[in-house]
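Reader: I'd like to learn how to read aromatic pairs, helix faces and pockets in a model. Could you walk me through them?

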Amino acid sequence: MYPLSSQKKYWTFSSPEQLNDLRLKRNQKFIETHGSHMDDQQRMEFFLDANEEHLLLKQYEIYLNDFCRRFEPMMPKCVVGTAIHYFKRFFLHNSPMDYHPKEILATCVYLACKVEEFNVSIGQFVSNIKGDRNKAMDIILSNELLLMQHLNYYLTIHNPYRPVEGFLIDIKTRSSMVNPERLRPHIDSFIEKTFFTDACLLYAPSQIALAAVLHAAGREQENLDSYVTDNLLNGAREKLPALIEAIRKIRIMVKQYEVPLRDRVKLIEKKLEKCRNQENNPDSEIYKERMRKMYCDDDLEVAEDNSYYIADSSADMSALNMSQ
């Protein structure tokens, strides 16, 4: 149950301002750690600021959703929702300058498949990826434990889809609406749009689900106000103002969402390649040397020319089948 879940206790926040504060601190911490030898002007020119990080991550959320939509066999909606949650949670406390989002994205989807019991092997998973599949497999598996650690192993996600089913059954039973199933396309579209906002970090899944149902009813020229007040909240009218306010804010978030400008994102990506943490860049010599030492320390056999495989995760998004 969501009210007793780790999602409610640790990963649902009180306001957008709290989220913005976490993202600003994340950005400042990275810059202070890696830019201590620079003056303020040099830092501003070299590193991404918090707004640039936010735009970049918004674009990669679109990549994640597109990858899931193209996945074969068809991916359940709950897997997509869980993967989005993981991606958002990871980057609340980690800068994309520290861990490139293209190296975390597919891992979020793969872990979500496991948690939601959508049984695909790693081989089946990477068969959906264009380009070097061995490279993609290495990226995913090398980041899986890292991702779980940064999620504090709180992996169970409560998505809005289950509450939606409950609402539709209840509407069929206790309202006069004809064929409530016609709401479903609008509901699914609305929930997908919430994934590109911070709604899942601020509101309960049932609130998001109800906002989607009421939005869908409006699109179908139906009015469910009496259903909400007389049936859904019968005996608990004192909760109505807070519920109305939550639904209003969720719908505003969806309405105000803007797709990041692709040209702007490309400039940010170019800047990121220069300022990212090379210790976490599998294409860097620092990273390769660290891997060599780790393998040697583990008494693994390494060829005399050190020619073991290290993923070149600096490949562009087409290597993970997530480019537009």
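**Rings, a helix and a pocket**

Author: Gladly! Bear in mind that this is a predicted model. Let's start with two phenylalanines: F71 and F125 are both buried.

Reader: Why does the pair of Y161 and F195 count as edge-to-face?

Author: Planes over 60 degrees apart are called edge-to-face. For Y161 and F195 the planes are at 65°, with ring centres 6.3 Å apart, so the pair falls in that class. Y161 lies in helix α9 (residues 161–174) and F195 in the loop between α10 (184–194) and α11 (199–202), so parts 34 residues apart in sequence are tied together. Y161 is buried at a relative accessible area of 13%, and F195 is buried at 2%.

Reader: Which residues do ring pairs link into a cluster?

Author: F67, F71, Y110, F118 and F125 are joined that way.

Reader: Now helices. Where do the buried residues of α2 fall, seen down its axis?

Author: Here is the general idea: an α-helix has 3.6 residues a turn, so residues three or four places apart point the same way. Helix α2 (residues 16–34) has 19 residues and spans 27 Å from first C-alpha to last, close to the 27 Å expected. Its buried residues include L19, R23, R26, N27, F30 and I31. They fall within an arc of 125° down the axis, so they line one face of α2. E17, K29 and T33 are exposed, on the face turned away from the buried side.

Reader: What covers the buried residues of α2?

Author: The cover includes α3 (40–46), α4, α5, α11 and α15 (262–275).

Reader: Last one: which residues lie nearest the centre of the largest pocket?

Author: Those are Y2, P3, P163, P205 and S206, out of 22 lining residues. The largest pocket holds about 760 Å³ of space. Helices α9 and α12 (205–219) each supply at least two residues of its lining.

Methods: Residues numbered from 1 in each chain as written. Predicted model: local features only at pLDDT ≥ 70, side-chain atom pairs only at ≥ 80, totals over all residues. Heavy atoms only, no water. Buried < 20%, exposed > 50% of the residue type's maximum accessible area, 1.4 Å probe, protein only. Phe/Tyr/Trp six-rings, centres within 6.5 Å; stacked < 30°, edge-to-face > 60°. Helix = DSSP H or I, 4+ residues; strand = E, 2+ residues; numbered from the N terminus. Expected span 1.5 Å × (residues − 1). Arc of directions from axis to C-beta. Contact = heavy atoms within 4.5 Å. 1 Å grid on protein atoms, 1.4 Å probe; cavity = no way out; pocket = protein on both sides within 12 Å on 5 of 7 lines; lining within 4 Å. Points joined across faces, edges and corners; volume = space filled by probe spheres on them.
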